Amino acid sequence: MTELGEQLRGDFPLLKQTVYGKPLVYLDNAATTQKPLSVINKLTEVYTSYNANIHRGVHHLSQVATQAHEDARKTVAQFLHARSEEEITFTRGTTEAINLVAQCYGERFVNEGDEIIVSTHEHHSNIVPWQMLCLRKKAVLRVIPLLPNGELDMQAYSALLNERTRMVAVAHVSNVLGVVNPIEQIIRMAHANGTPVLIDGAQSVAHISVNLQALDADFFVFSGHKIYAPTGIGVLYGKADWLNAMPPYQGGGEMIANVTFEKTTYNQLPYKFEAGTPDYAGSIALAEALRYVQAIGIERIAEYEHQLLQYAEERLREIPQMRILAAPAHRSGAISFLLGTQHPYDVGMLLDKLGVAVRTGHHCAQPLIDHLGIPGTVRISLALYTTKQDIDAFIKALQQVADMLL
Ligand code: PMP
């Protein structure tokens with residue numbers, strides 16, 4: 001195994017610490033990633049060198065900040081292989097981006113009796129906004145069930161598509177099980193039905209190369225903080241035709257072309273959905289994070305993390321009464337498990353005392369956890385700086401926990 005993680009972890013200052021006197025083993029990357037120094041420095045650079053409100057300024061600093069924000073949009077467009085930067089809207093994160101689409105697309109295109117399809121895998125943020133839309137419009141939420149191995153039941157999906165289906169909204173990668181969904185096929189089938197697709201890329205964007213022109217997704221959303229960028233910044237990619245056809249999300253500065261008390265006309269893309277002062281420090285730092293990832297190469301990261309995840313899965317099987325949840329053909333980023341009948345919280349708390357950060361609980365995917373008939377899971381999730389030593393230290397700690405609990 002090439003130790004990419006060993007080479008890179010020095011770039012992440014936070015990882016150098018100890019917790020309860022033990023070296024930190026950070027395996028909660030699906031919740032949020034740590035930041036490389038270049039991203040932290042970029043935030044400092046904005047605030048020490050050219051902080052000024054963007055777009056409306058005639059003065060030098062405002063122009064520098066505006067240029068940097070718009071360059072960041074270009075970097076995101078290139079990273080995702082979007083057609084143009086006007087298809088990139090900055091949001092607060094995945095959650096806000098999905099709410100934006102559910103509200104604005106829903107307002108224009110969803111009516112009583114129409115149907116929205118999500119999957120059993122979804123994070124609450126890809127369920128609740130659609131549920132709220134369904135309540136508002138008297139539409140119906142349909143759910144793609146899972147096969148016993150945790151993959152989507154594609155036959156059932158095919159049967160759910162019909163002339164009332166107005167949107168298919170699915171995760172690229174499950175944040176609980178790490179299952180990689182066949183989004184190419186999902187999109188092809190939806191399009192054959194005349195239905196647009198929103199892909200929740202929160203758990204894929206840092207791990208899998210995304211080419212939106214090849215994928216032909218109508219909407220793709222992600223959060224910066226899951227790809228080594230700061231919190232509070234995220235992205236909505238939308239095909240220009242859809243975005244142009246949707247009413248605006250929030251009203252305010254920047255999203256307008258002209259305002260009178262009688263009538264307001266709206267700005268063109270990409271500003272139409274960016275009301276108010278955007279998080280330009282965040283967008284500029286996000287672009288820095290994407291450059292960091294690009295310099296390593298997303299394919300190389302994917303290959304490295306894949307080997308590490310397989311190694312982790314093999315080593316987990318050494319632990320007595322280990323129950324690894326789901327056995328999909330493709331897994332990325334995360335593994336969920338249970339230790340016998342032990343509550344996930346107890347396992348997570350004991351691991352924490354041994355310096356290992358994992359996440360336990362329902363992972364904001366209660367319907368999936370209910371479907372699995374369990375109280376929650378223990379989840380480990382990887383990043384490009386995770387090392388084989390991290391996995392070995394985690395397994396050693398888990399063995400100790402097993403000795404204590406079982
Ligand atoms: N979708 C998925 C699949 C996620 O993993 C997450 C974050 N756990 C979200 C959506 C929500 O992301 P955020 O809280 O950054 O908006």
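How far is an oxygen atom of the ligand from an N or O atom in the side chain of histidine 225? The separation is 2.7 Å, in a predicted model where local features need pLDDT of at least 70, side-chain atom pairs count only at pLDDT 80 or more, and totals for chains, interfaces and linings use all residues. Residues are numbered from 1 along each chain as its sequence is written, and side-chain values use heavy atoms, with hydrogens and water left out.

| Residue | Protein atom | Distance to a ligand oxygen |
|---|---|---|
| Threonine 94 | backbone N or O | 3.5 Å |
| Glutamine 203 | polar side-chain atom | 2.7 Å |
| Histidine 225 | side-chain N or O | 2.7 Å |

Taken alone the ligand exposes 390 Å², of which the protein buries 84% (accessible areas by the Shrake-Rupley method with a 1.4 Å probe). The residues around the ligand, meaning those with a heavy atom within 4 Å of it, include Asn175, Asp200 and Lys226.

The protein is divided into domain 1 (4–30 + 297–405) and domain 2 (40–294), with bounds from an automatic or database domain assignment. Between them they bury about 2600 Å², 60% of it on carbon and sulfur atoms, where buried area is the accessible area (1.4 Å probe) that two parts lose on being put together, summed over both. Ile298, Ser332 and Leu368 supply 22% of the area that domain 1 buries against domain 2, more than any other three residues.

Key: A polar contact is a pair of N or O atoms within 3.5 Å; within protein, one must be able to donate a hydrogen and the other to accept it, and residues adjacent in sequence count only if both atoms are side-chain atoms.
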